[in-house]
Amino acid sequence: DAMEALMGSCNYFFCEMANRLTISQIDEVAKSLGLGELTGVELKEVAGYRSNAATLLTLQNRKWSMFEQLQVGIGQSVNAFTPIQLASYASTLANAGTRYKATFLSRVVSSDYRELILKNQAQVLSTMTISPEAHYMYLEGMKMVTSKPYGTAYSTFKNYPISVAAKTGSAQHGGEGPLNGAFICFAPADNPQIAIAVYGEKIGGGSYLAPVAKAILDAYFGLDSTGE
């Protein structure tokens with residue numbers, strides 16, 4: 001089922017899912033989740049792009065085909081996302097479809113630290129409606145990634161004291177060497193406080209990056225005394 005497919009990164013399931021949908025449906029959801037979209041962060045950023053008919057024609061002068069659509073179903077084909085977009089994506093999943101503006105700014109104070117000049121307020125960039133059934137499915141599936149023996153990040157998070165919702169990703173790059181890896185997560189899974197994205201070039205796959213995210217969670221939740 002869908003939850004087990006998320007748990008084990010089952011390509012067969014997601015290829016079949018892509019076969020049953022249209023690329024317009026897939027692209028609309030990806031856009032609403034912030035993939036290939038500007039995050040609004042204060043630094044200059046590039047939006048990147050999602051794989052669809054227009055992108056394929058522009059970048060590679062090729063027409064769209066069902067083969068490309070099946071590739072999109074497993075996260076391949078012509079995509080380019082920034083790490084901060086992936087973090088925004090994880091945050092939007094955690095917030096059940098509400099996507100906030102990314103920011104590095106918490107507050108502005110005077111040079112003597114005595115006066116609060118500005119306190120940054122959260123800004124909603126977009127919202128999408130996610131059914132309770134769909135929310136339950138991906139939340140439970142992402143929890144199974146870290147909590148069930150066949151989960152792709154179970155070896156890192158087994159017996160972890162906080163519930164973590166996560167997804168590993170392995171991205172082809174067209175060159176020599178191991179695959180690029182991506183890892184997103186949010187925690188606590190049922191009452192999220194923090195969303196994380198980690199990306200590594202030629203790392204071999206997303207599961208190899210799970211320990212990096214775990215170290216961040218350890219520090220955030222005060223579970224690692226070595227940082228004292």
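These legends describe close-up views of a predicted model.

**View 1. The three-stranded sheet S5-S6-S7.** The sheet is open, its 3 strands follow the order S5-S6-S7, and their pairing is antiparallel. Strand S5 (165-171) and S7 lie at the edges with a single partner strand each, so one side of each has no neighbour in the sheet. Direction ignored, neighbouring strands are turned by 10° against each other on average. In a regular strand, side chains alternate between the two faces of the sheet.

**View 2. The pairing of S5 with S6.** Strand S6 covers residues 180-187 and pairs with S5 over 7 bridges, in the antiparallel sense. Within this pairing, Gly169 stands opposite Ala182 in S6.

View 3. Helix H6 (83-94) and strand S7 (194-200) each supply at least two residues of the lining. Which element gives the most to the lining of the second largest pocket? H6 does, with 5 residues. By residue class, the lining of this pocket consists of 12 nonpolar, 9 polar and 2 charged residues.

**View 4. The hairpin of S2 and S3.** Strand S2 (residues 107-109) and strand S3 (residues 116-119) run antiparallel and are joined by 3 bridges. Arg107 stands opposite Lys119 in S3. The two strands, S2 and S3, form a hairpin with 6 residues between them. In the turn, Tyr113 has a positive phi of about 65°.

View 5. Gln69 belongs to helix H5, which spans residues 66-73. Is Gln69 buried or exposed? Its relative accessibility is 5%, so Gln69 counts as buried, the cut-off for buried being under 20%. Leaving aside residues up to four places away in sequence, Gln69 touches Ala18, Leu21, Thr22, Ile23, Ile26 and Trp64.

Conventions: Residues are numbered from 1 along each chain as its sequence is written. This is a predicted model: local features need pLDDT of at least 70, side-chain atom pairs count only at pLDDT 80 or more; totals for chains, interfaces and linings use all residues. Side-chain values use heavy atoms; hydrogens and water are left out. Helices (H or I, at least four residues) and strands (E, at least two) are DSSP runs, numbered from the N terminus. Ala, Val, Leu, Ile, Met, Phe, Trp, Tyr, Cys and Pro count as nonpolar, Asp, Glu, Lys and Arg as charged, and the others, Gly among them, as polar. Two strands pair if DSSP finds at least two bridges between them. Axes are lines fitted to C-alpha atoms, for helices over the stretch in contact, and angles run from 0 to 180 degrees between N-to-C directions. Buried means under 20% relative accessible area, exposed over 50%, partly exposed in between (1.4 Å probe, protein chains only). Contact means heavy atoms within 4.5 Å.
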